[in-house]
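The stops below are given in the order to select them.

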Amino acid sequence: MPVNLYYTQRVRGFQQENVKYLKNSVEIQLKRTKHQCPYCGSTRVTVEPVRRQIRGEPLGSCRNVVLEFTIHRLYCHSCHHRVMEHIPFLSHPKARLTKALERTILELRPHMSIQSLANFYNLRWHTIKELEKKQLKKKYSRIQTAHVKAIGIDESHVGKGMQNQQYLTIVRDLQSGAVIHVGDGKGISALAGALKKLKKSKLKVVTMDMANAYFSWISENFPKANIVFDHFHVIKLMNDKLDLVRCRITAKMDESQRKQLKGLRFIFLRNNEDLPEDARMILKNMRGDFQDLGDAYMFKEALRSIYRQAKDSYHARIAFHRWCKMAEETGIPELKTMARTIRDKLDGIVTYWTFRHISNAKMEGFNNKIRWLIKQAYGFRDREYFKLKIYQLPEISSEKLL
Ligand SMILES: [Zn+2]
């Protein structure tokens, strides 16, 4: 019984020669008799045949549908071109699947893992991945930035490996959440390519980590942009300092003290109001036992309260100055360095109050998505694919991550 090729497989321009129904597969043999030069339309061509097998859409319960046909290398006697004949149901001459099957797989991909698609269609993992990669590459090769007013530049640790493989630098549109650029490594070299993409933007705000080196890059290329060290980055740096104090104190302790502190690590990384009552008691006692640690914790909370209470950049500036002065008076080295950083970057830190409406809150959720992506071990098999998947992350809903 003949199969309607256009209806089931979107195949046009071929005749059906034979259909074999085998145990687990259907083999459809196709034939084309007329050949034409794609350049000049002449039919005065010599053909050289190559046998091909292409996977098509499943037919009923049979998932293994193979289209067998001959593809021809043409030589045109009129215009002397040598060319592979055009196969309208293939996306490119070397494709192993019909366009229709490729489309079905790409439509299913957001709902199924690469492995389950490969299992279902009896295809290789690699085939599915390459298909998706091609689609992502096309989709993200051009990113519209004419409307972009605010960006965030962030470094993300993505794993072990060569020096510039350990980090990725990610530039995002803070308002839409879209990823604008993903660069290898960190530092200014990781921004190669980002400048071209942002040329047409109306950049007004750039948020970034206080420790990184993008400051000069921004002021050079976007002199009108305001640099903002936002809330998220300041608190993150303070948490790092708190961790340093804890390490320094632990190093000097005896066994029993160390045990006591070991269970406390989580306390320091949580915010005060999120702590259970007993943990708050421990902290209170600890201020006596581990003076520096208790002090450092209080200073972190004080820093957070500036963000809660300061009404504008003027009041914030006063509060930060006071914070720095008190931190320096404690004599705790980690707090002194933190105070120095705050004084150094104070302009960028208080600019946050001017642009508070442009929030960077989405960033934290985004980092969770990157962690999720790494867990799936995408990163180590194919770097380019991994980077393309990062561009796609804002479109993936958080529920999908589970
Ligand atoms: Zn020709």
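Select Cys37 first. In this predicted model, cysteine 37 is buried, at a relative accessible area of 3%. Cysteine 40 is partly exposed, because its relative accessible area of 40% lies between the cut-offs of 20% and 50%.

Which protein atoms are its donors? They are the SG atoms of Cys37, Cys40, Cys76 and Cys79, at 2.2 to 2.4 Å from the ion. Along the sequence these donor residues follow the spacing C-x2-C-x35-C-x2-C. Check the angles next: the four donor atoms subtend 107 to 116° around the zinc ion, so the arrangement is tetrahedral; that label requires all angles to lie between 85 and 135 degrees.

Move to His80, in the loop that joins β4 (64–76) to β5 (82–84). Is histidine 80 buried or exposed? With 54% relative accessibility, histidine 80 counts as exposed. Its backbone is worth a look as well: phi is positive, about 65°, although histidine 80 is not a glycine. Most residues other than glycine have a negative phi.

Next, select helix α3, residues 114–121. Its buried residues are Ile114, Leu117, Ala118 and Tyr121. Turn the view to look down the axis of α3: these buried residues fall within an arc of 100°, so they line one face of the helix.

Step off the end of α3 to Asn122. Asparagine 122 comes just after the helix and sits in the loop between α3 and α4. Here too phi is positive, about 55°, in a residue that is not a glycine.

The last stop is the second largest pocket, which holds about 570 Å³ of space. To centre the view, select Arg109, Pro110, Met112, Lys389 and Ile396, the closest to the pocket centre of its 23 lining residues. Then colour the helices: α3, α4 (125–140), α16 (378–381) and α17 (383–392) each supply at least two residues of the lining. Which helix gives the largest share? That is α4, with five residues. Colouring the lining of this pocket by residue class gives nine nonpolar, seven polar and seven charged residues.

How values were computed: Residues are numbered from 1 along each chain as its sequence is written. This is a predicted model: local features need pLDDT of at least 70, side-chain atom pairs count only at pLDDT 80 or more; totals for chains, interfaces and linings use all residues. Side-chain values use heavy atoms; hydrogens and water are left out. Donors are N, O and S atoms within 2.8 Å of the metal (3.2 Å for Na, K and Ca); water is not among the atoms, so sites may look incomplete. Four donors count as tetrahedral if all angles lie between 85 and 135 degrees; four count as square planar and six as octahedral if opposite donors are over 155 degrees apart and all others between 65 and 115; anything else is irregular. Buried means under 20% relative accessible area, exposed over 50%, partly exposed in between (1.4 Å probe, protein chains only). Helices (H or I, at least four residues) and strands (E, at least two) are DSSP runs, numbered from the N terminus. The arc is that of the directions from the helix axis to the C-beta atoms. On a 1 Å grid over the protein atoms alone, a cavity is a set of points where a 1.4 Å probe fits but cannot get out, and a pocket is an open set with protein on both sides within 12 Å along at least five of seven lines; lining residues have an atom within 4 Å of a point. Grid points are joined across faces, edges and corners, and a volume is the space filled by probe spheres set on the points. Ala, Val, Leu, Ile, Met, Phe, Trp, Tyr, Cys and Pro count as nonpolar, Asp, Glu, Lys and Arg as charged, and the others, Gly among them, as polar.
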